[in-house]
Every structure is written in structure tokens, then in C-alpha cells.
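Hi,

Here is the structure I promised to pass on. Have a look at it first, then read my notes below.

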Amino acid sequence: FKTLLQVLVWTIYTGSLLWWCGVKIGRLLLIPGTTALVIGWVGREIVANIISGVVLHLTQPFAQGDWVCLEGNQIDGWVQDIGTFYTKVVQWDKRPIYLPNFKLMSMNVQNNSRMTHRRGLYDLKLRIRDIPKIPTIVREIQDMINE
């Protein structure tokens, strides 16, 4: 309590002295507020990246080495590094993409490495006369898959 009282007395004394010397204290008090506003405006992305990096590390929607698709296959590649400020995704043609974590948090992330089932889609060209052979063809394909 004593320290708070000393700070208050010194603040009033300094303000009175500046006012007596002709300094407008109102304008002088604007400097810390304006400085805080500028620092907050500039630092908001930095703070957003740090918070998003922590959330990514806690929730772990993907890990290093996972194959991911972001924003409807616009970005498709492997997660190489997850940092505090950005995540590095290397595309199939070895082009790295550095995504700020706060932008990554608002994207739809499809983690293909964590798929439990895969689907192979293949069009078989069959003639009409091969229709009776379809059960045999399907059985042979199933045998090849199960091997």
C-alpha cells in the first residue's frame, strides 16, 4: 500500500509540475494510449499465430509427415514442419508452402494419412457377351486384393 501511495503522490507531483510549466497533460496522456493501440494492431497477427500454434499442438489435427489436403484440394501435400508461427506443407512437386497458423485454423483440413479405409475406383470395360463372366471376374479381383 505504501508503494502505491508513493507512486500516486509522485504522479500527481509530476503532473502538477508539468502543468505549471505550461505542458498540456491531456496531450501527453495520449502518447501511451496511442502506443498501445499501434502495438496491439501490429501484434495481433503475431498473437493469433502463437495462440493458433498452441491450439494446433494441443488438438493435433495432423502431425509431421501426414498427407493433408487444405481448402478443397487447393493445397495438397505433406506436412513437413509445425512451428509456433507457421506450418510448412511440401506439395507433390516439392514446392513448399508456408501457412500462417491463424489462417490454417480457419481452413478445412483433410488428413488423408488417418484414413481407415481406402477406395480404389477402376472402370472395367466389359462387352455384353462377358456379362455371364462377371461373377468370375469379381471373384478374381477380390482374390488379387486379398493376397
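Start with tryptophan 78, which stands opposite valine 90 in S3. A quick word on the source: this is a predicted model, where local features need pLDDT of at least 70, side-chain atom pairs count only at pLDDT 80 or more, and totals for chains, interfaces and linings use all residues. Residues are numbered from 1 along each chain as its sequence is written, and side-chain values use heavy atoms, with hydrogens and water left out.

Now the strands (DSSP runs of E, at least two residues, numbered from the N terminus). S2 (residues 75-82) runs antiparallel to S1 (residues 67-70), and 4 bridges join them; strands pair if DSSP finds at least two bridges between them. Valine 68 has glycine 77 in S2 as its bridge partner. The hairpin of S1 and S2 has 4 residues between the strands, and glutamate 71 there takes a positive phi near 55°. On to S3 (residues 86-91): 5 bridges join it to S2, again antiparallel, and the hairpin from S2 to S3 goes through 3 residues.

Then there's the largest nonpolar core, 11 residues in all, among them Leu56, Phe62, Val68, Ile75 and Met107. (A core is a set of buried Ala, Val, Leu, Ile, Met, Phe, Trp, Tyr and Cys residues joined through side-chain atoms within 4.5 Å; buried means under 20% relative accessible area, with a 1.4 Å probe and protein chains only.) S1 and S2 each supply at least two of its residues, and S2 gives the largest share, 3 residues.

Cheers

Notes:
Buried < 20%, exposed > 50% of the residue type's maximum accessible area, 1.4 Å probe, protein only.
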